[in-house]
Amino acid sequence: MSDRPARRDPSRLVEAEGFRDFVRDDWGPADRRVHLVDGAAEAAAAHRARLSAAFPGKRIAIAAGIAPTRSNDTDYQLRVDSDFGWLTNCSAEGAVLVMNPVGGGHDAVLHLREPAGPSEPDFFASARDGELWIGAVPGLAEWSEALQIECRPLEDLPRSLRGQLPEVLAAKGVDPLLDALVGAHSPELRTTLAELKRIKDDWEIGQLRAAVDATVLGFADVARELDTAVRGGGERWLQGTFDRRARALGNGPGYTSIVAAGPHAPVLHWTRCDGPVAEDGLLLLDAGVEVSTLYTADVTRTFPVAGEFTDAERRVYDLVLKAHLAGIAEVKPGRDYRAFHEAAMAVLAEGLHDWGMLPGSVEKSLDRNGQHHRRYIVCGIGHFLGMDVHDCARASAASYHEGVLEPGMALTVEPGLYFHPNDLTVPPELRGVGVRIEDDLVVTATGADVISDALPITADGITEWVRDRRG
């Protein structure tokens, strides 16, 4: 018995001369156009200029990455590295950006795989890259024209990284080829990029608005499908409903959608979405569309499926709303980043104390060594937002949680209360109730712009919104 592995192609087309000769000729031109959002190439060039100024005289290399394997020979869809996307707006798998110092700045070169032509075996033999398998893709000329950047074959990458410069700042772990070519990698590069990305330019804010607008449509889709979910489709039906909108208007969801009905609502990251949707319960929907430029929304609304809160649900909702508004009021330039977090937490602690749910005073709970109220909200109140749902995560503490807000920063405010069904410290009527309200904001010169305010947040507003869409 042979121990050779099975072949995907037992006919061995690569070795068939007749097939090779016949498949080589009589192909017309393929559509290899690059489809970019207006201003994408200019925005990427501006971002490269900002990075260039941060590292004068140093060579920089960042890779797009390759699609990870899902199982065996099936892959997930590629979503390029966020830093690479910010610097290029290129979506080509395996591409590598190299920025070489010249004069007072850098010259940028994008290395890509040139699509295999009909005379090459990969044209028909590669299920990962072959045009007969995956369709036509842009080549070097098309990417160069669209992005206004020099493009060279990926095979030339070793030459681009060779030379007299003492170091190459490269992002490790994104692409094996780049890792093999560059021995030393710089965490400083990732940190600098994260800190540069804190301040969004007008084009980026426009992309975030587009992501939020698409997300608002997705939330309305979900509300219109509540009847089907109650009848038996459950959380999965609603997750699929939102994700379909996200896929139609962008890349897809910016993160795994959270559709948490009834007792699942207190679970912070209920991404299983495999439960029923009851007519007499709450639904917590935390979801965001990622548009084609990779910017994502991150919005949460909690609403009664039937269109009416119970007295207990309304009590929790109104306290979370009060905390939400207190947090938003602190989002303005010059304020400590922690201010909106602290303001919202103070409201929640006071409310929980009034309900007799804290073992001591509000002051004791809010003390750094107290934090008793955090039993019911172990997560934070918000985070930066951008190409990643938790954007700028590699920024230094001094420029993030210990920093101050500046115009152009985009962030979320998302207080909540999460009373698990089996938490015996919670009054029986509140067990299984989870409420979160999350909005997306952009810091302006005078305050903040709530870019997700097309969705209501008051209890009366959200119930009317649900009833209108259930019809």
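This is a predicted model: local features need pLDDT of at least 70, side-chain atom pairs count only at pLDDT 80 or more; totals for chains, interfaces and linings use all residues.
Of the 20 residues that line the pocket, His269, Asp298, His383, His390 and Glu414 are the closest to its centre.

**The protein as a whole**
- The chain has 471 residues, and 50% of them count as buried.
- You can find 15 helices and 17 strands in the protein.
- Along its principal axes, the C-alpha trace spans about 80 × 55 × 45 Å.

**Inside and outside**
- Phe419 sits in the loop between strand E14 (416-418) and strand E15 (434-436).
- With a relative accessible area of 0%, Phe419 is buried, because the cut-off for buried is under 20%.
- Phe419 and Ile66 are 353 residues apart along the chain, and 41 Å separates their C-alpha atoms.
- On the surface, a nonpolar patch is formed by Trp27, Leu132, Trp133, Ile134 and Val137, which together have about 500 Å² of accessible area.
- Trp27, from that patch, has its place in the loop between helix H1 (17-23) and helix H2 (40-54).
- The relative accessibility of Trp27 is 45%, so this residue counts as partly exposed.

**Salt bridges**
- Side chains of opposite charge can pair when their charged atoms come close.
- The structure holds 28 salt bridges.
- One of them joins the side chains of Asp388 and Arg79, at 4.0 Å from N to O. Asp388 is in the loop between helix H14 (362-366) and strand E13 (410-413), and Arg79 is in the loop between strand E3 (74-75) and helix H3 (82-88), so the pair ties together parts that are 309 residues apart in sequence.
- Both partners are partly exposed: Asp388 has a relative accessible area of 28%, and Arg79 has 30%.
- Arg190 and Asp81 also meet through their side chains, at 3.0 Å from N to O. Because Arg190 lies in helix H9 (residues 187-196) and Asp81 in the loop between E3 and H3, this pair ties together parts that are 109 residues apart in sequence.
- Arg190 is buried at 9% relative accessible area, and Asp81 is buried at 16%.
- Asp81 and Arg190 are linked with Asp83 and Lys197 in a network of salt bridges.
- Arg314 forms a salt bridge with Asp318, with the closest N and O atoms 3.0 Å apart. These two residues are four apart in helix H12 (residues 311-329), so about one helical turn separates them.
- Arg314 is partly exposed at 31%, and Asp318 is partly exposed at 33%.

Key: Residues are numbered from 1 along each chain as its sequence is written. Side-chain values use heavy atoms; hydrogens and water are left out. On a 1 Å grid over the protein atoms alone, a cavity is a set of points where a 1.4 Å probe fits but cannot get out, and a pocket is an open set with protein on both sides within 12 Å along at least five of seven lines; lining residues have an atom within 4 Å of a point. Patches are made of residues with over 30% relative accessible area and no salt bridge: like charges are joined within 9 Å, nonpolar side chains (Val, Leu, Ile, Met, Phe, Trp, Tyr) within 5 Å. Accessible areas come from the Shrake-Rupley method with a 1.4 Å probe; for residues, only the protein chains shown count as cover. Buried means under 20% relative accessible area, exposed over 50%, partly exposed in between (1.4 Å probe, protein chains only).
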